[in-house]
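Subject: Structure handover

Hello,

Here is the structure for your files. My notes on it follow below.

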Amino acid sequence: MKLRILPPAEQGSGEFDGGAITEQKPIGFSGEGSAIHRLGPLFYWAWAHAEAEGFIGSHPHQAFEILTYVIHGQAYHGDSLGTESIVGPGGAQLIQAGSGVYHQERLVGPDAELFQIWFEPNIRDALRRDPQYAAYEAHEFPEREQEGVTVKTVIGGPSPIHIVADAGMWDVSVSPGASYVHALHPNRTLAVLAVRGGGECSADDAEAQSFAEKDFLVLRSEEDGQARFAARGTNGLRFVLIEVPTEVDYPLYPKKP
C-alpha cells in the first residue's frame, strides 16, 4: 500500500463572498494549487470556513453528486426545485444534480465550518436522471464505539446516505493511546483529512509516518492490506476518511492539472 501525506501547502485554496468564506482544498479545481486533482470518482473536496457568515449565490450543477457535511455552525440551502433547508453540526446535505439544478448556499457561524465533496458517477447516465436533494441531521447517522474509537458512517453501509458513485465515508475520533484500523482491498484508494489533532499512520507493515492537523493523506492499495491511524499527544485525533475505487469502469470527466 502506498501512502502520501500532503500538508496544507500542497493543497489548494479559494474564497467566496469577498473573503467571508475561505477554503482549504485537498482536491481542487484546475489552477487552485492542489497537488491532487481527483482520486477515482472523488472529484473535489473543499474545507470551508466562515467566521461570521458567508453567501454563495445561485449557480448550476449537473450530473455530480455533491455532499455538504457540517462540522460547526449551520449550512443553509435553497434550490430551483423549491427546496429550502438548514442543517446543523454533524448533519449533511446531498445534491444529486442529474439533468441539472441551480442552488444557493449560506454558511452561518460563528466559526462555521463544513466540507463540500463532489463524487462523479457515470455522467452520461446521470444526465438522464431528475435532480434530487435530501438533508440529514446528525442523529440520523449511526455511530459505533470501541476501545477509545468512535466511527460515524456518513456514506454507505448503515448510513441513510447511499450514492450512485462507489464511495464510503466515515468521521472517526480516536482517543489518546487508541488506534483505528481500516482494511483496503485491491484497486481501492483512501483519502483522509485530519480535522483535529495529529497522529501516525502506518500502511501494512511499513514504518509509521507522522501527520499533523489539516494534513491530507492518500493511500492506494494494489492488494489486500490495512491502514492504522493512532492519536498523538493528549488531545486525541479526529479525521474524515473517504474510500473510492482507484479506477472505475466508465469514462471520467477530463480534469486538467
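Trp118 is buried, at a relative accessible area of 11%; buried means under 20% relative accessible area, exposed over 50%, and partly exposed in between, with a 1.4 Å probe and protein chains only. The model is predicted, so local features need pLDDT of at least 70 and side-chain atom pairs count only at pLDDT 80 or more, while totals for chains, interfaces and linings use all residues. Residues are numbered from 1 along each chain as its sequence is written, and side-chain values use heavy atoms, with hydrogens and water left out.

Aromatic pairs

The structure holds 16 aromatic pairs. Rings of Phe, Tyr and Trp (its six-membered ring) pair if their centres lie within 6.5 Å; planes under 30 degrees apart count as stacked, over 60 as edge-to-face and the rest as tilted. One of the pairs is formed by Phe29 and Trp118, edge-to-face, at 5.3 Å centre to centre and 75° between the planes. Phe29 sits in the loop between β3 (21-27) and β4, and Trp118 in strand β9, 89 residues apart. Strands (E, at least two residues) and helices (H or I, at least four) are DSSP runs, numbered from the N terminus. Phe29 counts as partly exposed, because its relative accessibility is 26%.

The pair of Phe43 and Tyr253 is edge-to-face because the ring centres are 6.2 Å apart and the planes are at 70°. This pair also links distant parts of the chain: Phe43 is in strand β4 and Tyr253 in the segment after β20, 210 residues apart. Phe43 is buried, with 4% relative accessible area, whereas Tyr253 is partly exposed at 45%. Ring pairs join Phe29, Phe43, Tyr44, Phe64, Trp118 and Tyr253 into a cluster.

Nonpolar cores

A nonpolar core is a set of buried Ala, Val, Leu, Ile, Met, Phe, Trp, Tyr and Cys residues joined through side-chain atoms within 4.5 Å. The largest one has 32 residues, and those with the most contacts inside it are Leu42, Trp45, Leu67, Phe115, Phe119 and Phe216. Elements that give two or more residues to this core include β4 (42-50), β6 (65-79), β9 (101-119) and β18 (216-221). Apart from it lies another core, of 22 residues, among them Val172, Ala194, Ala227 and Ala231.

Not counting residues up to four places away in sequence, the residues that Phe216 touches include Ile5, Leu6, Ile27, Leu39, Trp45 and Val192; contact means heavy atoms within 4.5 Å.

Strand β13

In strand β13 (residues 168-174), 6 of the 7 residues are buried. Two strands pair if DSSP finds at least two bridges between them. β12 and β13 run antiparallel and are joined by 6 bridges, with Thr150 opposite Ser173 in β13. β13 also pairs with β20 in the antiparallel sense, over 7 bridges, and Val172 stands opposite Phe239 in β20.

Backbone

A cis peptide bond joins Gly109 and Pro110, with omega about 15°; Pro110 is in strand β9. Asp17, which is not a glycine, has a positive phi of about 55° and is found in the loop between β2 (12-16) and β3. Glu147, also not a glycine, has a positive phi of about 50° and lies in the loop between β11 (143-146) and β12. Asp17 is partly exposed at 42% relative accessible area, and Glu147 is exposed at 70%.

Regards
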